[in-house]
Structure formats: C-alpha cells, structure tokens
Amino acid sequence: MTGIRTVAAHFDETSPPADAVLLANRFRNYSTDPAVRAAVRRLNIHWVILGKPATDPGRPYQPGLTGLAGEPFLTAVYRNPDAVIYRLVP
C-alpha cells in the first residue's frame, strides 16, 4: 500500500484536520450527509481501512467508523481477523 496517503493513521495529542474529525464522527452517514461526501471528495478517498483497535473493546472506533459492514456505499475487498479493507462505491 505504498504511496497511499491516509486521513488518520492513529490519534495522538495533536489536533487532527477538520475533515478528519468530520469523517471520524459522521462517515457512516456518507449516503445522506452532503458534508461527508464533500470531505471524501476533497480528500480523494477511495478506500477505508480498519485495523484491529488498540483501545477499549467496548468502543473500538470513532462513531463514524462503526457499523460500516453492509453499508451500500462500501464493498469489503479484504478481511482477516485483524482488519478489513472497504472500497468506496462511487
């Protein structure tokens, strides 16, 4: 996956860019939220990669990245016990 830029590889103590915050909170609303679709276009996003979270198992991902399985705008192209890669359906 060399050459592929990520929106947010991890979260640390720095302030993430506004689009990264928006997507972390609302990406799952891609189908209905014009602001999410605009951020995806600005960032040229085509893939969503979710690795095994290192945080509390009760809340593994940011709210906008939970419950993505089965969303009509994503196709799972790879999955193993530790990660899933989705392709954004245009």
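Guide: The discussion below takes the features in turn, from the overall plan to single residues. Please bear in mind that this is a predicted model.

Visitor: Which elements make up the secondary structure of the protein?

Guide: The protein has two helices and three strands. Along the sequence they follow the pattern α-α-β-β-β.

Visitor: How many bridges join each pair of strands?

Guide: Strand β2 is joined to strand β3 (residues 83-88) by six bridges, and β1 is joined to β3 by five bridges. Both pairs run antiparallel. A hairpin of two residues leads from β2 to β3.

Visitor: Which residues in β3 are the bridge partners of Thr75 and Ile49?

Guide: Thr75 has Arg87 as its bridge partner in β3. For Ile49, the partner in β3 is Ile85.

Visitor: What should I keep in mind about the side chains of a strand?

Guide: In a regular strand the side chains alternate between the two faces of the sheet. As a case to inspect, take Ile49, which lies in strand β1. Ile49 counts as partly exposed because its relative accessible area is 44%, between the limits of 20% and 50%.

Visitor: Which residues form the nonpolar patch on the surface?

Guide: The patch consists of Trp47, Ile49, Val77 and Tyr78, which together have about 390 Å² of accessible area. Two elements, β1 (47-51) and β2 (74-80), each give two or more residues to this patch.

Visitor: Let us turn to the helices. What is the general idea there?

Guide: An α-helix has 3.6 residues a turn, so residues three or four places apart point the same way. In α1, the residues Asp19, Ala20, Leu22, Leu23 and Ala24 are buried. The cover over the buried residues of α1 includes α2.

Visitor: Where does Val40 lie, and is Val40 buried or exposed?

Guide: Val40 lies in helix α2. Val40 is buried because its relative accessible area is 4%, under the limit of 20%.

Visitor: Which residues are in contact with Val40, leaving aside its neighbours within four places in sequence?

Guide: With those neighbours left aside, Val40 is in contact with Leu23, Phe27, Tyr30, Ile45 and Leu88. Leu88 is 48 residues away from Val40 in sequence, while their C-alpha atoms are 9.7 Å apart in space. For the protein as a whole, among contacts with a separation of 6 or more, 50% are between residues 24 or more positions apart.

Visitor: How many salt bridges does the structure hold, and what is the general idea behind such pairs?

Guide: Side chains of opposite charge can pair when their charged atoms come close. This structure holds two salt bridges. In one of them, Arg42 pairs with Asp19, and the closest N and O atoms are 2.7 Å apart. This pair links distant parts of the chain, with Arg42 in helix α2 (residues 34-43) and Asp19 in helix α1 (residues 18-26), 23 residues apart. Arg42 is exposed, at a relative accessible area of 53%, whereas Asp19 is buried, at 17%.

Visitor: Which side chains meet in a salt bridge at 2.9 Å, N to O?

Guide: Those are the side chains of Arg26 and Asp33. Arg26 is partly exposed, with a relative accessible area of 32%, and Asp33 is buried, with 12%.

Visitor: Where is the place of Ala69, and is Ala69 buried or exposed?

Guide: Ala69 is in the loop between β1 and β2. Ala69 is exposed because its relative accessibility of 58% is over the limit of 50%. Ala69 and Tyr86 are 17 residues apart in sequence, and their C-alpha atoms are 9.0 Å apart in space.

Conventions: Residues are numbered from 1 along each chain as its sequence is written. This is a predicted model: local features need pLDDT of at least 70, side-chain atom pairs count only at pLDDT 80 or more; totals for chains, interfaces and linings use all residues. Side-chain values use heavy atoms; hydrogens and water are left out. A salt bridge is a side-chain nitrogen of Lys or Arg within 4 Å of a carboxyl oxygen of Asp or Glu. Helices (H or I, at least four residues) and strands (E, at least two) are DSSP runs, numbered from the N terminus. Buried means under 20% relative accessible area, exposed over 50%, partly exposed in between (1.4 Å probe, protein chains only). Contact means heavy atoms within 4.5 Å. Patches are made of residues with over 30% relative accessible area and no salt bridge: like charges are joined within 9 Å, nonpolar side chains (Val, Leu, Ile, Met, Phe, Trp, Tyr) within 5 Å. Accessible areas come from the Shrake-Rupley method with a 1.4 Å probe; for residues, only the protein chains shown count as cover. Two strands pair if DSSP finds at least two bridges between them.
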